[in-house]
Amino acid sequence: MSNDRAHADHVHEHPTWKQYKWVALWLFVITVAEVWAYYIPALVNSKAFVPSILVMMVVKFAIVVMFYMHLKYDHAIFRKLFMGPLLIAGATLVAFLFLFRG
Amino acid sequence: MTTATAATAAAGAHEAHEHTHYTATGLDNKKVAIWAFIGSECMLFGSLISTYLIYKGRSVVGPFPHEAWTSPTGQVFKPILDIPVTSASTFVLLMSSLFMVLALAAVENKGKPGYEGTLGSSKFWLLATALAGATFLGFQAYEFTSFVHEGLTIRTNLFGSSFFTLTGFHGAHVAVGVLWLMTLLFIDMKRGLGPKDAILVDICALYWHFVDVVWIVIFALVYLIK
């Protein structure tokens, strides 16, 4: 019975083929938007360029992690195993940029 | 539930998870291990990306990623990054992630309605993913070769050192992923992969998607942001 219990605890619904294809379409559209933005000199020279590229990057990252890596559907432990080191890496990156700027 | 029914259910569950070893958390140890590994890889790539960003714009001599440069000898170097080529390779890698989830779905649902024919075949999707990965590596080999021909090597300047180290490490991870996929394809062709083997494909898929998300970050920070 404990085997059944363990199995039931970690089986979660995964996205369907149709959802996977929608996710791929969104990733494609966002990538096209990123490259398109790169070729607009007025946008590249504005203050909005870097934040807009970063936002699109984060959205693509989150989509792949949540839907393709199933983190949205899987056990919370996996989320912690991924998000913990990711936050440490992000904090290290920001700290280094402040330390070495200029 | 009678004792006989419970015994039958337990035997069935045991058979279904013949190859799965659960931990005290109730989770498959292979999957816990791959997530822990991916966590450590986050910090590896975090340090490589940090290094690239710290050195960004500090090269004394060219070629530079986004600006033209004229050397003291009068040689003119154009901006070295080729965005159209890298956009194509990014598209290929993104599509490979779709192929990978379809390969996993085909293995998990083998024999079920809707998973017949070529589009329901795990072999087809595993091969497609491996080919897309190999195509990405081809793009990278082309990019590295053209950079060297244009005068940028790992020893030319800070940009060259940090760029080749970061993208080279990523390329090595893609190469490992392609080998892993080819191994799974070989097993699938030899004895077939079914629902009981889904965890083997799942951990490979997690690694492959991680390689994809790292490229999403590299593409934005290295190639697009000037």
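Which residues in α2(A) and α3(B) meet? Before I list them, please note that this is a predicted model. On the α2(A) side they are W17(A), Y20(A), A24(A), L27(A), F28(A), T31(A), V35(A) and Y38(A). On the α3(B) side they are I83(B), S87(B), T90(B), F91(B), L94(B), M95(B), L98(B), V101(B), L102(B) and A105(B).

Sorted by class, this contact between α2(A) and α3(B) has 15 nonpolar residues, three polar ones and no charged ones. As for the geometry, the axes of the two helices, α2(A) and α3(B), cross at roughly 170° and come within 10 Å. With angles over 145 degrees counted as roughly antiparallel, α2(A) and α3(B) are therefore roughly antiparallel to each other.

Next, a pair inside chain A. Helix α2, residues 17–38, packs with helix α4, residues 49–68, both of chain A, at an angle of about 165° and with the axes 10 Å apart. That makes α2(A) roughly antiparallel to α4(A). The crossing in which α2(A) passes α4(A) is left-handed.

From α2(A), the contact is made by Q19(A), V23(A), W26(A), L27(A), I30(A), A33(A), E34(A) and A37(A). From α4(A), the residues are F49(A), S52(A), I53(A), M56(A), V59(A), K60(A), I63(A), F67(A) and Y68(A). The class count for α2(A) with α4(A) is 13 nonpolar, two polar and two charged residues. L27(A) is on the list for α4(A), and L27(A) is also on the list for α3(B).

Now chain B by itself. Chain B has six helices and two strands, and along the sequence they follow the pattern α-α-β-β-α-α-α-α. Its radius of gyration is 23 Å, well over the 17 Å that the globule rule gives for 226 residues, so chain B is more spread out than a compact globule. Along the principal axes, the C-alpha atoms of chain B fill a box of roughly 90 × 40 × 25 Å.

Of the 226 residues in chain B, 37% are buried. Take the contacts in chain B with a separation of 6 or more: residues 24 or more positions apart account for 73% of them.

Back to the two chains together. How many residues of chain B are in contact with chain A? There are 44 of them, in contact with 43 residues of chain A. Four helices of chain B each supply at least two residues of that side: α1 (3–16), α2 (29–55), α3 (83–108) and α6 (198–224). The helix that gives the most is α2(B), with 13 residues. By class, the side of chain B that touches chain A has 29 nonpolar, 13 polar and two charged residues.

One residue on that side is worth a stop. V101(B) lies in helix α3 of chain B. Is V101(B) buried or exposed? V101(B) counts as buried, with 27 C-beta neighbours inside 10 Å. Leaving aside residues up to four places away in sequence, V101(B) touches Y20(A), Y68(A) and A205(B). V101(B) and A205(B) are 104 residues apart in sequence, but 7.0 Å apart in space, C-alpha to C-alpha.

Phi of H70(A) is near 60°, which is a positive value in a residue other than glycine. Most residues other than glycine have a negative phi, and most peptide bonds are trans. H70(A) is buried, with 21 other C-beta atoms within 10 Å, where 20 or more is the cut-off.

L71(A) is in the loop between α4 and α5 as well. L71(A) is buried, with 21 other C-beta atoms within 10 Å. Not counting residues up to four places away in sequence, L71(A) touches V65(A), M66(A), F78(A), R79(A) and F82(A). The C-alpha atoms of L71(A) and T92(A) are separated by 23 Å, and the two residues are 21 apart along the chain.

The last item is a peptide bond. G62(B) and P63(B) are joined by a cis peptide bond, with omega about 0°. P63(B) is in the loop between α2 and β1 (69–70) of chain B.

Key:
Residues are numbered from 1 along each chain as its sequence is written. Chains are lettered from A and ligands numbered from 1 in the order in which they are written. This is a predicted model: local features need pLDDT of at least 70, side-chain atom pairs count only at pLDDT 80 or more; totals for chains, interfaces and linings use all residues. Axes are lines fitted to C-alpha atoms, for helices over the stretch in contact, and angles run from 0 to 180 degrees between N-to-C directions. Angles under 35 degrees count as roughly parallel, over 145 as roughly antiparallel, 65 to 115 as roughly perpendicular and the rest as oblique. A crossing is left-handed if the near helix is turned anticlockwise from the far one by less than a right angle, and right-handed if clockwise. Two residues are in contact if their C-beta atoms, placed from the backbone, lie within 7 Å. Ala, Val, Leu, Ile, Met, Phe, Trp, Tyr, Cys and Pro count as nonpolar, Asp, Glu, Lys and Arg as charged, and the others, Gly among them, as polar. The radius of gyration is taken over C-alpha atoms; the globule rule is 2.2 Å times the number of residues to the power 0.38. A residue is buried if 20 or more other C-beta atoms lie within 10 Å of its own, exposed if 12 or fewer, and partly exposed in between; C-beta atoms are placed from the backbone.
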